[in-house]
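Subject: A structure to look at

Hello,

Here is the structure I promised to pass on. Please have a look at it first, and then read on for what turned up.

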Amino acid sequence: MIPLSWYLIAAAALFCIGLFGVLSRKNAVSILMSIELMLNAVNINLVAFWHYHSQIQGVSQVAPQVFVAMVFIIAAAEVAVGLALIISAYKRRETSVVDEMTLLKG
Amino acid sequence: MSGLQVVFLIVAIVTLFSGLMVVASRKMMHSALWLILSLLGVAILFGTLQAGFFAIVQILVYIGAISILIIFTLMLTRRVMDDDHPGVIKGWWLPALMAVILFGLLAGFMATWDNFQAMLNELPANPENLAGFGAALVDPAGYVIPFEVASVLLLAALVGAIYIAAERKEKAG
């Protein structure tokens with residue numbers, strides 16, 4: 001079977017790729033896509049630890065499953081609000097590049 | 001090396017490569033399509049962890065809903081990003097360096113854990129116990145409050161999203 005470490009390393013790599021995207025991309029939609037990558041990396045970790053914990057305890061554990069489900073719900077809510085904000089800002093400023101979003105400067 | 005390990009390695013490499021292409025490709029639509037491949041890879045990783053339910057939920061929620069929403073937004077805000085325009089900031093090497101350092105720190109820190117090399121064995125029959133999971137979500141002694149708060153949050157987020165993105169008549173003129 002697969003060592004736990006492989007999942008943790010793969011999730012860490014995916015998280016760092018997402019972090020790079022968040023910090024370096026210009027377009028707000030790209031930044032949201034990178035955030036999705038980071039959330040997925042966290043979910044891989046949670047599911048891997050759910051498996052590990054269930055294996056140690058001998059019965060299926062419910063708490064990690066609830067945690068994973070919450071991450072799914074939060075991700076869906078976050079992406080819905082984020083994309084609505086991007087569309088709203090685009091309507092006012094004709095841009096979705098974060099450098100040019102200066103609506104709060106007054 | 002067992003067959004499952006080979007499957008894991010192939011899927012992990014595809015997932016990480018498409019993740020890299022999400023942040024590296026110039027055309028936004030291409031990165032959205034790479035994102036779908038990456039999310040599918042994560043779903044297969046869930047499958048290798050015997051979490052078939054979450055693999056299906058991943059496909060339904062992420063590939064079915066979230067990526068379609070992202071593609072809609074890209075099409076609504078398309079022409080701002082010329083395809084020859086670089087998609088990353090000028091000093092992109094600094095975030096890249098930070099990400100590599102963070103990965104090194106994470107990997108080094110996790111490697112100090114005693115059970116880091118633990119093998120994930122096959123769980124006994126009915127590994128997911130979905131009936132127990134569903135019962136725990138609506139059990140007052142379990143997780144009914146987080147569950148209800150999450151549903152209210154989701155409803156509020158969707159209503160808020162419609163309100164934010166809707167046309168405002170008074171500002172139209």
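Helices here are DSSP runs of H or I of at least four residues, strands are runs of E of at least two, and both are numbered from the N terminus. This is a predicted model, in which local features need pLDDT of at least 70 and side-chain atom pairs count only at pLDDT 80 or more, while totals for chains, interfaces and linings use all residues. Residues are numbered from 1 along each chain as its sequence is written, and chains are lettered from A and ligands numbered from 1 in the order in which they are written.

Let me start with chain A. Its secondary structure consists of 3 helices and 0 strands, in the order α-α-α from the N terminus. Along the principal axes, the C-alpha atoms of chain A fill a box of roughly 60 × 25 × 20 Å.

Of the 106 residues of chain A, 54% are buried. Buried means that 20 or more other C-beta atoms lie within 10 Å of the residue's own, exposed means 12 or fewer, and partly exposed is in between, with C-beta atoms placed from the backbone. H1(A) is mostly covered, with 16 of its 21 residues buried.

Now to where the two chains come together. Leaving aside neighbours within four places in sequence, Phe46(B) is in contact (C-beta atoms, placed from the backbone, within 7 Å) with Val47(A), Ala51(B), Phe54(B), Ala55(B) and Gln58(B).

Finally, chain B. An unreviewed UniProt entry lists "transmembrane region" for several stretches of chain B, among them 32-53 and 92-113; such annotations may be inferred rather than shown by experiment, and their positions are given in the numbering used here, with feature names shortened. Residues 32-53 of chain B are 86% helix and 0% strand, with end C-alpha atoms 24 Å apart. Residues 92-113 of chain B are also 86% helix and 0% strand, with end C-alpha atoms 33 Å apart.

Best wishes

Technical notes
Two residues are in contact if their C-beta atoms, placed from the backbone, lie within 7 Å.
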